[in-house]
Protein chains: 2
Amino acid sequence: MTSAMQQLKAYQKKVIRLGEISSVLGWDQLTYMPPGAAADRADQETTIQMLIHELSVSPAVGKLLAACETEVSGLEPDADDVALVRVSKRDYDLATKVPAALIEELVSHSSMAYEVWVQARQRSDFSLFAPVLRKTIVLNQRLAECIGYQDHPYDALLNEHEPGMSTARLRQLFAELRPALITLVADIANATQVDASFMHGDFPLASQQELTLEAVRAVGYDLNHGRQDKTVHPFCTSFSRNDVRITTRYDEHMLGGALYASLHEAGHAMYEQGLPSELELTALCRAASSGVHESQSRMWENMVGRGGPFCTYFLPRLAHYFPGSFGSVTPEQLYRAVNKVEPSLIRVEADEVTYNLHIILRFELEIAMLEGRLDVDDLPDAWDAAMQEMLGITPPTDSEGCLQDVHWSGGFGSFPAYSIGNLIAAQLWNKVQTELPNLSASIENGDCSPLLNWLREKVHSKGAKLFPMDLVLHATAEPLNSRYLIDYLNGKYRDIYGL
Amino acid sequence: MTSAMQQLKAYQKKVIRLGEISSVLGWDQLTYMPPGAAADRADQETTIQMLIHELSVSPAVGKLLAACETEVSGLEPDADDVALVRVSKRDYDLATKVPAALIEELVSHSSMAYEVWVQARQRSDFSLFAPVLRKTIVLNQRLAECIGYQDHPYDALLNEHEPGMSTARLRQLFAELRPALITLVADIANATQVDASFMHGDFPLASQQELTLEAVRAVGYDLNHGRQDKTVHPFCTSFSRNDVRITTRYDEHMLGGALYASLHEAGHAMYEQGLPSELELTALCRAASSGVHESQSRMWENMVGRGGPFCTYFLPRLAHYFPGSFGSVTPEQLYRAVNKVEPSLIRVEADEVTYNLHIILRFELEIAMLEGRLDVDDLPDAWDAAMQEMLGITPPTDSEGCLQDVHWSGGFGSFPAYSIGNLIAAQLWNKVQTELPNLSASIENGDCSPLLNWLREKVHSKGAKLFPMDLVLHATAEPLNSRYLIDYLNGKYRDIYGL
């Protein structure tokens, strides 16, 4: 006789395999698919997504989960099977709470809104996008009501990306972070600027390809279970923990783009490659949240990749491929150059210090719109005012302002994960320094494995067993707080800028 | 209310989309998949194949088809919907006649047999493979009984690849072809040999990539709906008529391999790209048979690619990429070189004249084994004797003899399609010369579109509406016969060899 838990696992295996297959279709679409295949690919995706959806909301799963709850009721509360039932029930509730009609409306709105957004951004004409955004808000308000929440409708939306996180807690974290960053940015603006001129020049694509592969291999990305390709926007995608792929983009006149995009995506990829093999093909064998995912990519990109020890280790490789640019650069010069801070208009190009201000700005504005305190027509002005207040610059056009991100074509609540990731990364980074006092020396010698092993144990191998905030608490013996990110940024950048 | 035909089409759309998705997985596996992902990919494939199988044998489909038959009973016999019901019923019967247990046994036998075959061929030890082959025969005998046949069990196996073809008809075609080829091969062996030395040399991969892309574009392969990648074994795969991809292989010391593999696969691909758009996502929007498919690849590879006019047109491109090898070669010299005939041991490397003897040999042997006239233990001797009789050479090892092909690890009945393809190609080629008298001049000027348009009309746009033999009859106003292939080969090669 098959137990309910065995049935649950067989069912999840099928759904997860279909999800992996859908990811293969998505990867191919963005890497090698010929242009004329777009419509058929969309329909192939829909075919798979419909199968996944049918399986996910089937009432049989609800009954199965009830049987599983009875079956695991005698186990220890931290047993894997208990966690699996808990997470699976959360998934099922989320999938069944939202009526199919609303999901369809959201999907069709998003794809229409995306097209409008592309047009609006191209022409820098916010009036085109305004009615679409108004609809996005209404749909997200309805979505929040369906999902349900205790304190704030934004909690419901946030939950999809960051289980257990609340709007109140986020407001508190950002309230501490905001003034500290504004002060640091202003101080840096008044300091002597660093020289990053040698990061610009001639960097042929083929050499950048080899160099970035060396970089991701050096930090520990397993290319026997992964690969790197070229796309317009870099991403990481997983077809199982044994096949986790990254992409990067190349600018033949600027080296930093590809190198740090590769390290960022490798950070995501190493998380996926390190998920618990014993829980493979269950709902626990996945990242704890978007924020935890981002903590991994940002740590490898910034704390490691833009850190002094890695700059020292990797400089000879840069000089090997591009002797004209890096032949006479010192490790210290490289370190300063790749950490240049400059208030800029575009979030995805922002440095480590200004980045979180871009996120806080979006968080504040989307909450205000969701609450009805900010009218859509007033968004451009509100955006510009916030940019001026936080970064001291004003976008000359809405394309470089409130029209720059695709996110508001679809859902609300996804931006905070970027800053949550930075907060988590800084707190983990602080902890690992105390636990591995020789880490810097090790990285300077080209061995990042002590850090990777530590992350494997504290983060990757936990999968989705814990709520993200519990994961942080277990790993660092402290609840998530903003102090570590503030201290990290102040320490690093006041040193670089001689403040 | 939805008609039965509408339901049938909705059902087929889903099954076909799943098949396309499975092809994407297969393509990725052979092109870009990291080595460590093999086991997961196999399981992803199984997930999709099980979904397809469940849908294909569902009793609901049987009922639906019965309702469709009633619904189309008043239509003209050549109406698309009538053909669709006929072909769909044939598919359903084939899928349901064979018990699931036998299919499973065949699948698991094939994958085990494949591993054994790899070992046996590596060590050139037929005794390893013999027990596996014995099982292959028994399983194929049982398969034939399940499918059913009128005259010969081989008919049942043949039907899967070549609907409507019979063993008796094939024997007759081969009985005519066999002596004519043996005579031609013997005559060529006694003639002055052609010089193909300039086809060997130094041909860097990157230049071969560009050259082969030029070649496939020149014959009409649409790269807006396709692409070419590099694999160990060349193949063509389709993810819809809007995304048909080919692969080729490169030998940096020999040019012919990549060039003619590319043209061969482009021939397959142009067939898929030309399938009837109005029948998209139905059982009629596919090739008429393996043999018809092969007729397209062989025509573009051999009649066009190895033809005088294309040699004349394409020589300057060869000289452009490889001036050292082709700078002083004349079109006539190139034409003779790429048509060099030489009895050889390996089928996949055989020239146009000897190729069909390799097929006839396999056909005769597999029939003898299926009938029980030839014992497995006697296969190596029978193989060697046939090679000596037909080609005048004897394999020094079984690796270069009866162990060279993977086919007998799984099914019987797939070899004849290769020669059926050559027969169909020759008969179509003869016809198109009479209908398009300026074709040679057009190809010599680099314009292959008159031929492609003719094939689109006569072959591609028919999809699977007609039995292959009816397709040939409609296109050439004559039943398939061996005269055209015999005349084509005698005409071309007696001229080249001055016989």
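In chain B, strand 1 (residues 228-230) and strand 3 pair in the parallel sense over three bridges. Strands here are DSSP runs of E with at least two residues, helices are runs of H or I with at least four, and both are numbered from the N terminus. Two strands pair if DSSP finds at least two bridges between them.

Before going on, the provenance. This is a predicted model, in which local features need pLDDT of at least 70 and side-chain atom pairs count only at pLDDT 80 or more, while totals for chains, interfaces and linings use all residues. Residues are numbered from 1 along each chain as its sequence is written, and chains are lettered from A and ligands numbered from 1 in the order in which they are written.

Back to the strands of chain B. Opposite B:Gln228 stands B:Ile246 of strand 3, and opposite B:Lys230 stands B:Thr248 of strand 3. In which sense does strand 2 of chain B pair with strand 3 of chain B? Strand 2 (residues 236-238) pairs with strand 3 in the antiparallel sense, over three bridges. Within that pairing, B:Thr237 has B:Arg245 as its bridge partner. The hairpin of strands 2 and 3 has five residues between the strands, and there B:Ser240 takes a positive phi near 135°.

Taken together, the strands of chain B make an open sheet of three in the order 1-3-2, with mixed pairing. Strands 1 and 2 of chain B are at the edges with a single partner strand each, so one side of each has no neighbour in the sheet. On average, neighbouring strands of this sheet are turned by 25° against each other, direction ignored. Helix 10 (residues 256-273) of chain B packs on the sheet and touches strands 1, 2 and 3; its direction makes about 170° with that of strand 3 of chain B. For angles, axes are lines fitted to C-alpha atoms, for helices over the stretch in contact, and the values run from 0 to 180 degrees between N-to-C directions. Contact between two residues requires their C-beta atoms, placed from the backbone, to lie within 7 Å.

Is strand 3 of chain B mostly covered or mostly uncovered? Strand 3 (residues 244-248) is mostly covered, with five of its five residues buried. Buried needs 20 or more other C-beta atoms within 10 Å of the residue's own, exposed is 12 or fewer, and partly exposed is in between, with C-beta atoms placed from the backbone. B:Val244, B:Ile246 and B:Thr248 point one way from strand 3, B:Arg245 and B:Thr247 the other way, and all are buried.

Next, the glycine. B:Gly226 sits in the loop between helix 9 (205-219) and strand 1 of chain B. B:Gly226 is buried, with 25 other C-beta atoms within 10 Å. Apart from neighbours within four places in sequence, B:Gly226 has contacts that include A:Pro34, B:Val244, B:Arg245 and B:Ile246.

Chain A has an open sheet too: three strands in the order 1-3-2, with mixed pairing. Its strand 1 pairs with strand 3 (residues 244-248) in the parallel sense over three bridges, and A:Lys230 has A:Thr248 as its bridge partner in strand 3 of chain A. Helix 10 (residues 256-273) of chain A packs on that sheet, touching strands 1, 2 and 3 of chain A.

Now the helix pair. Helix 1 (residues 4-31) and helix 3 (residues 59-72) of chain B pack at an angle of about 135°, with axes 8 Å apart. They are therefore oblique to each other; angles under 35 degrees count as roughly parallel, over 145 as roughly antiparallel, 65 to 115 as roughly perpendicular and the rest as oblique. The residues of this contact divide into nine nonpolar, one polar and one charged. Nonpolar covers Ala, Val, Leu, Ile, Met, Phe, Trp, Tyr, Cys and Pro, charged covers Asp, Glu, Lys and Arg, and the others, Gly among them, are polar.

Last, the two chains. How many residues does the contact take from each chain? It takes 28 residues from chain A and 28 residues from chain B. On the side of chain A that touches chain B, helix 1 of chain A gives the most, with eight residues. That side divides into 12 nonpolar, eight polar and eight charged residues.
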